[in-house]
Amino acid sequence: QVHVVESGGGLVQPGGSLRLSCVASGSISSIDAMGWYRQAPGKQRELVVTLDSGGNRNYGDSVKGRFTISRTNAAKNTVYLQMNSLKPEDTAKYYCNVRGYSDYAGGFDSWGQGTQVTVSS
């Protein structure tokens with residue numbers, strides 16, 4: 001079983017910054033991609049950004065130039081989302097998604113419980 005845990009959400013003023021973290025643990029043999037999605041009340045879940053094992057990044061149009069995903073070489077099961085120039089419309093619950101392969105369970109596509117980000121003055 002693969003566990004995904006997000007952290008780092010909170011309340012921030014417009015124009016401020018936050019950094020989210022996502023850690024995947026469990027019986028993981030390899031990770032194909034990790035990424036962030038968000039969902040605001042009454043709206044569908046949308047792509048924020050994904051990062052695949054080849055280092056390719058795919059950003060949603062609404063966050064390009066403001067958000068950055070990164071991963072350290074030492075901990076390939078951890079990704080960070082640096083969010084700058086935050087706007088009220090960035091307010092949402094942010095979810096981490098991890099796709100990969102487990103020797104015990106085969107392919108997996110796991111989600112965390114989410115972390116709330118609120119941008120407000």
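Predicted model: local features only at pLDDT ≥ 70, side-chain atom pairs only at ≥ 80, totals over all residues.
**Strand pairing**

Strand β4 takes part in two of the pairings described here, one with β9, in the antiparallel sense over nine bridges, and another with β5, which also runs antiparallel to β4 and is joined to it by six bridges. Within these pairings, Q39 has K93 of β9 as its bridge partner, while Y37 is bridged to L47 of β5. The β4 and β5 strands form a hairpin with six residues between them, and in that turn G42 has a positive phi of about 80 degrees. Strand β1 pairs with β3, again in the antiparallel sense, and V5 stands opposite V23 of β3.

| Strand pair | Sense | Bridges |
|---|---|---|
| β4 and β9 | antiparallel | nine bridges |
| β4 and β5 | antiparallel | six bridges |
| β1 and β3 | antiparallel | six bridges |

In a regular strand, side chains alternate between the two faces of the sheet. Strand β1 has a covered face made up of V2, V4 and E6, whereas H3, V5 and S7 belong to its uncovered face.

Nonpolar side chains in soluble globular proteins tend to be buried together. The largest nonpolar core of this model has 29 residues, and the members that touch the most others are W36, L81, M83, Y94 and V98. Two or more residues of this core come from each of β1 (2-7), β3 (18-26), β4 (30-39), β5 (46-52), β7 (67-70), β8 (78-83), β9 (92-102) and β11 (115-119). When neighbours within four places in sequence are left aside, M83 is in contact with G16, S17, L18, L20, R66, F67, Y94 and V117.

**A buried threonine**

T78 lies in strand β8. Its relative accessibility is 8%, and because buried means under 20%, T78 counts as buried. Not counting residues up to four places away in sequence, T78 touches C22, V23, M34, S70, R71 and T72. The C-alpha atom of T78 is separated by 11 Å from that of L51, a residue 27 residues apart from T78 along the chain.

**The largest pocket**

The largest pocket has a volume of about 150 Å³, and the residues that line it are R38, Q39, A40, K43, Q44, E46, E89, D90, T91 and A92. By side-chain class, this lining divides into five charged, three polar and two nonpolar residues. Q39, which is bridged to K93 in β9, is one of the lining residues.

Terms used: Residues numbered from 1 in each chain as written. Heavy atoms only, no water. 1 Å grid on protein atoms, 1.4 Å probe; cavity = no way out; pocket = protein on both sides within 12 Å on 5 of 7 lines; lining within 4 Å. Points joined across faces, edges and corners; volume = space filled by probe spheres on them. Nonpolar A, V, L, I, M, F, W, Y, C, P; charged D, E, K, R; others polar. Core = buried A, V, L, I, M, F, W, Y, C linked by side-chain atoms within 4.5 Å. Buried < 20%, exposed > 50% of the residue type's maximum accessible area, 1.4 Å probe, protein only. Helix = DSSP H or I, 4+ residues; strand = E, 2+ residues; numbered from the N terminus. Contact = heavy atoms within 4.5 Å. Pairing = 2+ DSSP bridges.
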